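User: I'm new to this one. Can you walk me through it once it's on screen?
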Amino acid sequence: MINLQKLWDMQQLEARQGKIERMLKQNDIVLELRRIKRNIEAGQREFKSMKERYRALEREIDQEDYQVGELKKQITELNGKLFGGEMLNKKEIAGAEKRIAALKRQVNETENAGIMLLEEQEILKNKLLKLSEILKEQREEFYLLRERYYQMQKKNQDELSQIIQSKEKLSQGIDGEVMQLFYKMQEKLKKPVAKVEDGVCGGCHMTVTFDKLKELKKNKIVKCDNCGRLIFKK
Ligand SMILES: [Zn+2]
């Protein structure tokens, strides 16, 4: 008995195998993963350089604070001398007053510069927070997508090895010559085996002639008159 049902099953398995092999080769997820990774790396570099600037600002602000402290100390000292009665000479007094005024201006300038640094620091701090949020989201997206990709690949790999096993088992029940014929026909037709249902060829959807239907009842290899496929009835 020529078992075309098994050959048809083989054909189905091969079609599925081809589909899975194509899916395994598809790399749009890999490309997307690479794109996200590049974004994360660029973000991390930006974060690092902003953080360095933030630290530098901290040092600058400390220095300005120290400078203001020193200037104020000088003012206090001069005021002490001025009001402590140490200075009697008018010229000396005028000089000290001038010096105090200059020191106060310097304090003011330094404090203003300090405020600008603080403002810059505040802006930078907000940018850092925002960027770290974005990076966190991107990392989550990356890990999720990578997990999905691994699972998908694993599922396809598992199914592929199942198919290969099934094909191996199935081929043992198919006559060697029939198998050869199948492969030869496959050079021209992707699916060389067709089921006949309600008198219609499943390959070309044309009605199968009465003669062919009669032949199907005998133990013969029958081809569809229209498309040339090997036909069989369940
Ligand atoms: Zn046909």
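User: Which hand is the crossing of helix 1 and helix 3?
Analyst: The crossing of helix 1 and helix 3 is left-handed. Keep in mind that this is a predicted model.

User: At what angle do the axes of helix 1 and helix 3 cross?
Analyst: At roughly 155°. The axes of helix 1 (residues 4-25) and helix 3 (residues 90-171) come within 10 Å. Angles over 145 degrees count as roughly antiparallel, so helix 1 and helix 3 are roughly antiparallel to each other.

User: Which residues of helix 1 make the contact?
Analyst: K6, D9, M10, L13, R16, Q17, I20, M23 and L24. From helix 3, the contact includes Q153, N156, E159 and L160.

User: How does that contact divide by class?
Analyst: The contact of helix 1 with helix 3 has 8 nonpolar, 5 polar and 5 charged residues.

User: Let's zoom in on I20. Where is I20 placed?
Analyst: I20 sits in helix 1. Leaving out residues up to four places away in sequence, I20 touches N156, E159 and L160. The C-alpha atoms of I20 and K155 are separated by 9.8 Å. Along the chain, I20 and K155 are 135 residues apart.

User: Why is I20 called partly exposed?
Analyst: Because I20 has 18 other C-beta atoms within 10 Å. Buried takes 20 or more, and exposed means 12 or fewer.

User: Switching topic. How many residues are in the largest nonpolar core?
Analyst: The largest nonpolar core has 14 residues. L7, V193, C201 and I231 have the most contacts inside it.

User: Which elements give two or more residues to this core?
Analyst: Helix 1, strand 1 (193-197) and strand 4 (230-232). Helix 1 gives the most, with 4 residues.

User: And C201, what is C201 in contact with?
Analyst: Setting aside neighbours within four places in sequence, C201 is in contact with A194, V196, M206, V208, C224, N226, C227, R229 and I231.

User: Back to helices. How far apart are the axes of helix 2 and helix 3?
Analyst: The axes are 6 Å apart. Helix 2 (residues 28-83) packs with helix 3 at an angle of about 160°. That makes helix 2 roughly antiparallel to helix 3.

User: Is the crossing of helix 2 and helix 3 left-handed or right-handed?
Analyst: The crossing of helix 2 and helix 3 is left-handed.

User: What classes of residues are in that contact?
Analyst: The contact of helix 2 with helix 3 has 30 nonpolar, 12 polar and 19 charged residues.

Definitions and conventions
Residues are numbered from 1 along each chain as its sequence is written. This is a predicted model: local features need pLDDT of at least 70, side-chain atom pairs count only at pLDDT 80 or more; totals for chains, interfaces and linings use all residues. Two residues are in contact if their C-beta atoms, placed from the backbone, lie within 7 Å. Axes are lines fitted to C-alpha atoms, for helices over the stretch in contact, and angles run from 0 to 180 degrees between N-to-C directions. Angles under 35 degrees count as roughly parallel, over 145 as roughly antiparallel, 65 to 115 as roughly perpendicular and the rest as oblique. A crossing is left-handed if the near helix is turned anticlockwise from the far one by less than a right angle, and right-handed if clockwise. Ala, Val, Leu, Ile, Met, Phe, Trp, Tyr, Cys and Pro count as nonpolar, Asp, Glu, Lys and Arg as charged, and the others, Gly among them, as polar. A nonpolar core is a set of buried Ala, Val, Leu, Ile, Met, Phe, Trp, Tyr and Cys residues joined through C-beta atoms within 7 Å.
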